[in-house]
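Thanks for making the time, everyone.

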Amino acid sequence: MENSQPTGGAPQVPPPAGSRNAPQSGQGNGSLPAGPSAPPPPPSAPPSAPPSMPPQGHGIELRISRRILWVGGAAYPLESIARVYTFTLNPRRKDATIRFLKNLAVVLASAFALTILAGLTSFADRDAAETILSFVWLGAAAALVWSLVEWGAVLTASSHYVLAVETSGPSIAVVTSKDPGTLHQLVGQITHAIDNPDTELYGVRVDTIVINPRNYHFGDNVNMYGGSNNVGMGTR
């Protein structure tokens, strides 16, 4: 026996409670209104920049490797090192003043002598005498300006506390640092490396110094007093 279907068509099933689907057009009042939509996800944060590396130190690296002391790109075998020490490098202000006064005296004396000579020749040729005088005093002025600049450079130069490494030959290395304690420690470490072949030293940065040796008292000054048996040593 066949079941007859009701004439009203298939019954409509209401959507389950809590459904967030919006009602479609043509549905009756039995459908529930759509619930509140979920908030949009927050925008993703921009990727953070990688941490910046600390700036590299200035100056040069001092290290000991395989019985060689490296000061920047210069190599000094530990066997050839005769002395390692620290001292204050002072400008030769007194010597520079004396040198300037000597240059001043020589230039002025030469200029006045040539002026007298030009005056004697003026009786024969006045134009030639005036030309000689012009060259003489221009040269004297240039020499005085040069001496004055050289003197001023020494007077205004600053002192430096440095570490010196002397070898058995004419080579010498001079470095400096803002911390005098670092230089004192390096003296001990270098002398320790001379006596201990397995010593290695890395990562010590020091500052270079560019000076004119003529304008500075460099190291110790050895003086002899009263014969061959008396030796005096004084630091100038």
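This is a predicted model: local features need pLDDT of at least 70, side-chain atom pairs count only at pLDDT 80 or more; totals for chains, interfaces and linings use all residues.

If we leave aside its neighbours within four places in sequence, I190 is in contact, meaning heavy atoms within 4.5 Å, with I64, L69, I81, V84, L163 and V165. Residues are numbered from 1 along each chain as its sequence is written, and side-chain values use heavy atoms, with hydrogens and water left out.

I190 belongs to the largest nonpolar core, which has 21 residues, and L69, V71, L163, L186 and I190 are the ones that touch the most other members. By such a core I mean a set of buried Ala, Val, Leu, Ile, Met, Phe, Trp, Tyr and Cys residues joined through side-chain atoms within 4.5 Å, where buried is under 20% relative accessible area, exposed is over 50% and partly exposed lies in between, with a 1.4 Å probe and protein chains only. The elements giving two or more residues to this core are β1, β2, β4, β5, β6, α3 and β7, and α3 gives the most, with 5 residues. Helices (H or I, at least four residues) and strands (E, at least two) are DSSP runs numbered from the N terminus. A second, separate core has 8 residues, including L89, A157, A164 and I209.

Turning to the sheet, 8 strands form an open, antiparallel arrangement in the order β3-β2-β1-β7-β6-β5-β4-β8, where two strands pair if DSSP finds at least two bridges between them. The edge strands, each pairing on one side only, are β3 (74–77) and β8 (216–217). Strand β4 (residues 81–91) is joined to β8 by 2 bridges, the two running antiparallel, and the bridge partner of P91 in β8 is Y216.

Helix α2 (residues 126–155) has buried residues too, namely A129, V136, A140, S147 and V154, and what covers them includes β4 and α1 (93–121).

R67, found in the loop between β1 and β2, has a positive phi of about 65 degrees and is not a glycine either.
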